[in-house]
Amino acid sequence: MKNTMTIIAGLLMVTAVKAQTLESYILEAENNNPEVQAFELRYNIAKEKVEEADAFPRTELSAGVFVSEPETRTGAQKARFSVKQMLPWFGTITLRDNYASSLAEVDYLDIVITKRKLRLSVSQSYYELYAINEKQVVLEENIQLLKTYEKLALTSVEVGGASAVDVLRLQIRQNELMEDKLILEQEFQAIQTKFNNLLNRDEYSSIAVVDDLAIYEPIEVGLNQLELHPELEKYDRLYESVAHSEVLNQKDGNPNIGFGLDYIPVAKRPGPDFSDNGKDILMPMVSLSIPIFNNNYKSRTVQNELRQEEINSQKANRRNLLESILSDALNKREASYIKHQTQLRNLEQAKDAEEILIKNYETGTIDFNDVLDIQELQLRFQLKLIEAVKDNYVQTAIINYLTNQ
């Protein structure tokens, strides 16, 4: 009963795994990846800073008691209570809001870039898993083919058409292929762990990989499509944020205006009562904070200009690098297509040679050295064919990352 339940659970898991596609894995990664979540939190903080930029300076409250009460015509002053509010120059708060919003846009682009890089990493790992699976299938087919040849060799040994050495060579070749298959299993586990970590889930979670991929034919892709890439757009947003910073810097060079109110309670004077005796004092006030020594604002202006030049240089450098990567990916994708077509032709000819060997066996003239040579050639062509398909899709993923096709 326990074995039956295990089999049923396994079948259900396989069914669930098969239902997933590469796109669903990418979506899962975008939702669960810690790096994406960290950038989203940073963006949320940046949005809160926009709210913070709208705040006024603190209201100042003060109170004091006269130790030696000054006498006035209307009575002795007992204490002083003050309230004061400084206000930035007209339009300063709006500029602070614009500056904070421009910084938030930069943080948002970090999310976009991180998701695109994550999509690329998930896709590349997925295609590596596909290639390993296909190679394992090919190796198993070749092992079975060698076992068939081994039976033919044993039959030929019995009738004197082959030697025991031919049988041993076939068995040694099978052992080598089994070794390759076991090594591929270890590689699969390593990439499986990497893939699941990108999705932030258990490293041993099953992964459904397609068993057939149609190769992409070369298409024309213009390098000008890089202009819309978020990595380059980020530099534009950084440049704009520095421009907002400079406008705000110029505005901060203006005076700040303050409004306040002083209240002084006055004690009544003893003796005959008179007009305004003991009348409290209420004094509205206006103040200005003037930046007389404004070298710091001039320095900030110079810093902002240098910062914009730095950003332009960084953008130009990054664009050159992305152009190189895109050009390399386009060339490699075209090369993979050429390799794919070549290996298809080679495989067809290798199979023709295999058929000739089988016909020779029927006449009793088979040469098992030729059998091994053809088998090795056929396996090499099959593995190169799989590599060509994998490279084609990996380079396409890079091109998609750069051009958003």
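**Strand β1**

I began with β1 and how open it lies. None of the six residues of β1 is buried, so the strand lies largely in the open; buried means under 20% relative accessible area, exposed over 50%, and partly exposed in between, with a 1.4 Å probe and protein chains only. Strands here are DSSP runs of E with at least two residues, helices are runs of H or I with at least four, and both are numbered from the N terminus.

This is a predicted model, where local features need pLDDT of at least 70, side-chain atom pairs count only at pLDDT 80 or more, and totals for chains, interfaces and linings use all residues. Residues are numbered from 1 along each chain as its sequence is written, and side-chain values use heavy atoms, with hydrogens and water left out.

**The sheet**

I then looked up what β1 pairs with. It runs antiparallel to β4, and six bridges join the two; strands count as paired if DSSP finds at least two bridges between them. In this pairing I found E60 opposite K84 of β4.

I followed the sheet onward. It is open and has four strands in the order β1-β4-β5-β6, with antiparallel pairing. β1 (60-65) and β6 (281-289) are the edge strands, each pairing on one side only. From one strand to the next the twist averages 15°, with axes taken as lines fitted to C-alpha atoms and angles running from 0 to 180 degrees between N-to-C directions. Strands of a sheet pair through backbone hydrogen bonds, either parallel or antiparallel.

For β4 (residues 79-87) and β5 (residues 256-264) I noted seven bridges, in the antiparallel sense. Q85 has F259 in β5 as its bridge partner.

Next I went to the loop between α5 (164-198) and α6 (230-252), where R201 lies. R201 counts as buried because its relative accessibility is 18%. Beyond its neighbours within four places in sequence, R201 is in contact (heavy atoms within 4.5 Å) with Q20, Y25, E28, F195, N196, S206 and I207. The side chains of R201 and N196 are joined by a polar contact of 2.7 Å. I took a polar contact as a pair of N or O atoms within 3.5 Å; within protein, one must be able to donate a hydrogen and the other to accept it, and residues adjacent in sequence count only if both atoms are side-chain atoms. I also checked N32: its C-alpha is 8.2 Å from that of R201, although the two are 169 residues apart in sequence.

N200 is placed in the loop between α5 and α6 as well. Its relative accessibility is 44%, so N200 counts as partly exposed. N200 is not a glycine, yet I read a positive phi of about 55° there. Most residues other than glycine have a negative phi.

**E28**

I looked up E28, one of the contacts of R201, and found it in helix α2. Leaving aside neighbours within four places in sequence, E28 is in contact with Q20, L199 and R201. V50 is 22 residues from E28 along the chain, and their C-alpha atoms are separated by 30 Å.

**S125**

I found S125 in helix α4. S125 counts as buried because its relative accessibility is 1%. Not counting residues up to four places away in sequence, S125 touches I191, K194, F195 and L198.
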